[in-house]
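Take a look at the chain below. We will walk through its sheet, its helices, its core and a few single residues.

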Amino acid sequence: MVNICDFKKEPIINYPTFWDYKVVFEAEVDALEIFTQILNEREFKYKISNTSKQGTYKSYLLSVYVDSKDDRLNIFNQLKSKAKFVL
């Protein structure tokens, strides 16, 4: 059982590692272009994971090799500025 106090602790992540982001864009957005723009020359993998019922949104699973917590959060913030949602 997890102690409620454990939720306040930061998880232990061993870097460098591959990190997965779930990213949701409006359907007409070119996700590959945005991923390439944010990640520059970095190697990454992505795939469409879902399309909304009305076809308004598409979600993607993006996997990127990150070097540190700052690197991981920097990518997250850049994605957040371009996407509808990022998890």
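In this predicted model, 4 strands form an open sheet. Their order across the sheet is E2-E3-E1-E4, and the pairing is antiparallel. What holds strands side by side? Strands of a sheet pair through backbone hydrogen bonds, either parallel or antiparallel. The edge strands here are E2 and E4 (85-86), and each of them pairs on one side only.

Now go through the pairs. E1 and E3 are antiparallel partners, joined over 10 bridges. In this pair, Thr17 stands opposite Val66 in E3. E2 and E3 also run antiparallel, with 7 bridges between them. Here Asn50 stands opposite Ser59 in E3. E2 and E3 form a hairpin, and 5 residues lie between the two strands. Gly55 sits in the turn and has a positive phi of about 80°. Strand E1 (residues 17-26) pairs with E4 in the antiparallel sense over 2 bridges. Val23 has Val86 as its bridge partner in E4.

Step back and look at the whole chain. The secondary structure comes to 2 helices and 4 strands. Along the sequence, the pattern reads β-α-β-β-α-β. The C-alpha trace spans about 40 × 35 × 20 Å along its principal axes. The chain has 87 residues, and 24% of them count as buried. Look also at the contacts in the chain with a separation of 6 or more: residues 24 or more positions apart account for 64% of these.

How do the two helices meet? Two packed helices are described by the angle between their axes and the distance between the axes. The axes of H1 and H2 come within 10 Å and cross at roughly 145°. The crossing is right-handed. From H1, the contact uses Ile34, Phe35, Gln37, Ile38 and Leu39. From H2, it uses Ile75, Gln78, Leu79 and Lys82.

Turn to the core. In soluble globular proteins, nonpolar side chains tend to be buried together. The largest nonpolar core in this chain has 16 residues. Which residues have the most contacts inside it? They are Tyr21, Val23, Phe25, Phe35 and Leu79. E1, H1, E3 and H2 each give two or more residues to this core. The largest share, 5 residues, comes from H1.

Pick out Phe35. Leaving aside residues up to four places away in sequence, Phe35 touches Val23, Phe25, Asn40, Phe44, Tyr46, Tyr60, Leu62 and Leu79.

Ser59 lies in strand E3. Is Ser59 buried or exposed? Its relative accessible area is 8%, so Ser59 is buried, because buried means under 20%. Again leaving aside residues up to four places away in sequence, Ser59 touches Lys22, Val23, Val24, Lys47, Ile48, Ser49 and Asn50.

Now for charge. Side chains of opposite charge can pair when their charged atoms come close. A search of the whole structure finds 1 salt bridge. The side chains of Asp71 and Arg42 form it, at 2.5 Å from N to O. Asp71 lies in helix H2 (residues 69-82), while Arg42 lies in the loop between helix H1 (31-39) and strand E2 (44-51). The pair therefore ties together parts that are 29 residues apart in sequence. Asp71 counts as buried at 12% relative accessibility. Arg42, at 28%, counts as partly exposed.

Finish with two backbone details. Asn40 lies in the loop between H1 and E2. Its phi is near 50°, a positive value in a residue other than glycine. Asn40 is exposed, with a relative accessible area of 54%. The other detail is a peptide bond. From Tyr15 to Pro16 this bond is cis, with omega near -5°. Pro16 is in the segment before E1.

Notes
Residues numbered from 1 in each chain as written. Predicted model: local features only at pLDDT ≥ 70, side-chain atom pairs only at ≥ 80, totals over all residues. Heavy atoms only, no water. Salt bridge = Lys/Arg side-chain N within 4 Å of Asp/Glu carboxyl O. Buried < 20%, exposed > 50% of the residue type's maximum accessible area, 1.4 Å probe, protein only. Pairing = 2+ DSSP bridges. Core = buried A, V, L, I, M, F, W, Y, C linked by side-chain atoms within 4.5 Å. Contact = heavy atoms within 4.5 Å. Axes fitted to C-alpha atoms, helices over the stretch in contact; angles between N-to-C directions. Left-handed = near helix turned anticlockwise from the far one by under 90°.
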